[in-house]
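Thanks for passing this one over. Here are my notes, in numbered points, to read with the model open beside you.

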Amino acid sequence: MTHKATIIPVSAVLLLTLLGGGCSKQQAVQSPAEGNFPADHVIRVSTEVAPTTKGSYTTDNIAEFDLMVTDVTNSKYSFKNTKFSKISGVWVPERTLLWGGADDVVTIYAIAPCFKDRDKWVTGSFIRPLMIPFEIEAEQHEESNSSDYLGYILNEKNVKDCLTADGKLKIQFEHMLSLVKITFKLGTEFNNKEVPQSDIISDVVISGTQRSFYPNPALNPDKFTVQAISSASDVKPYFKKWTPAKDKNGAADKTGNCTSVYECILVPQTVAAGGLKISFKADGKAYEWTNTSDLKFTQSLQHSLTLKVGKDVVIASGFSATAWTESEGGSLFTE
């Protein structure tokens, strides 16, 4: 986020304050359009979020984001973090922003949702990297996207190569964190009286992961690198789905396995063997599971862990990493 006269190396720019001139005071420059470059030079945007699932942002429900532009060619057209809001389906900035020219080289950063302490990101003529952490919720809910953070970087491109045919900057957001799905597969002994028709798993808590992080663009010029910080603390996932044991005809099957699925978003990190604990209750009885090998949670991916639960034991039957979607399956299985 800069001022007019200073050009800051791209590798130093983080979350980001391009030293600050106010574009709102500039008049729209009228000039002939160059291909997809807008004649009035006004920055207009469209957004896309992929892949998506519940409990996270989607292309349809994202409502605001911060945009930061560094014009390497002409610092007059560099802008500090500027809030965009969706109004009647159109992205509207809090002040008018202009492109310098079609051939100007720019680096673009976008983060959603907007910074909570937006004023703290501007400090005179300097950037404050890694000073204000982001944090996921300790207790998460299916209809909330408060733990989902999106990022986008376009590094040193000509403006004309950043724009779509209609002259808009298309921001293709990626999830910066990890989606985690835990499937509890219950043994047949839980069907002794009758097959439970509603969830008998409760009080699920994941212990041993760090909830705070910095999204750092300096480590990768094309993508925010998430750096977990702070001490490990608990996260409570939300209930997703209960599936009672059924036979092929759809009738209750005492010889089958009921399953319960819980989900949450975690900060990308590697948890050493013995460092992660999942505690829960099954039919009122307390259980705990601890990882016996390292677990790596990678940004933008969904991680699936299946726990087999018996009357006296809980065993991990698989850990996988796949695209952040509703689909099942994957690879990287760990017993």
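1. Asp312 is exposed, at a relative accessible area of 68%. For the terms here, exposed is over 50% relative accessible area, buried is under 20%, and partly exposed is in between (1.4 Å probe, protein chains only). The areas themselves come from the Shrake-Rupley method with a 1.4 Å probe, and for residues only the protein chains shown count as cover.

2. A word on the ground rules. This is a predicted model, in which local features need pLDDT of at least 70 and side-chain atom pairs count only at pLDDT 80 or more, while totals for chains, interfaces and linings use all residues. Residues are numbered from 1 along each chain as its sequence is written, and side-chain values use heavy atoms, with hydrogens and water left out.

3. Back to Asp312, and to its partner. The side chains of Asp312 and Lys285 form a salt bridge, at 2.9 Å from N to O. Asp312 sits in the loop between strand S18 (301-309) and strand S19 (314-323), and Lys285 belongs to strand S16 (residues 285-290), so this pair ties together parts that are 27 residues apart in sequence. Lys285 is partly exposed, with 37% relative accessibility. A salt bridge here means a side-chain nitrogen of Lys or Arg within 4 Å of a carboxyl oxygen of Asp or Glu.

4. Glu142 is partly exposed, at 23% relative accessibility.

5. The other salt bridge is between the side chains of Glu64 and Lys83, at 3.4 Å from N to O. Glu64 lies in strand S2 (residues 64-71) and Lys83 in strand S3 (residues 79-87), so the parts tied together are 19 residues apart in sequence. Glu64 is partly exposed, with a relative accessible area of 27%; Lys83 is partly exposed too, at 28%.

6. S2 and S3 take part in an open sheet of seven strands with mixed pairing, in the order S1-S8-S7-S5-S2-S3-S4. Its edge strands are S1 (45-49) and S4, each of which pairs on one side only. On average, neighbouring strands of this sheet are turned by 25° against each other, direction ignored. Two strands pair if DSSP finds at least two bridges between them, and axes are lines fitted to C-alpha atoms, with angles from 0 to 180 degrees between N-to-C directions (for helices, over the stretch in contact).

7. Within that sheet, S2 runs antiparallel to strand S5 (residues 105-112), and six bridges join them. Leu67 stands opposite Ala110 in S5. Ala112 is joined to Pro113 by a cis peptide bond, with omega about -5°, and Pro113 is in the loop between S5 and S6.

8. What makes up the nonpolar surface patch of about 240 Å²? The residues are Ile87, Val90 and Val92. Patches are made of residues with over 30% relative accessible area and no salt bridge, joining like charges within 9 Å and nonpolar side chains (Val, Leu, Ile, Met, Phe, Trp, Tyr) within 5 Å.

9. Asp203, in strand S10 (residues 201-216), has a positive phi of about 55° although it is not a glycine, and is partly exposed at 48% relative accessibility. Ser300 also has a positive phi, near 70°; Ser300 is in the loop between strand S17 (295-297) and S18, and is buried at 14% relative accessible area.

10. Finally, the whole chain. It has one helix and 19 strands, taken as DSSP runs numbered from the N terminus (helices H or I, at least four residues; strands E, at least two). Of its 335 residues, 50% count as buried. The chain exposes about 15100 Å², and carbon and sulfur atoms supply 49% of that. Among contacts with a separation of 6 or more, 68% are between residues 24 or more positions apart, a contact being heavy atoms within 4.5 Å.
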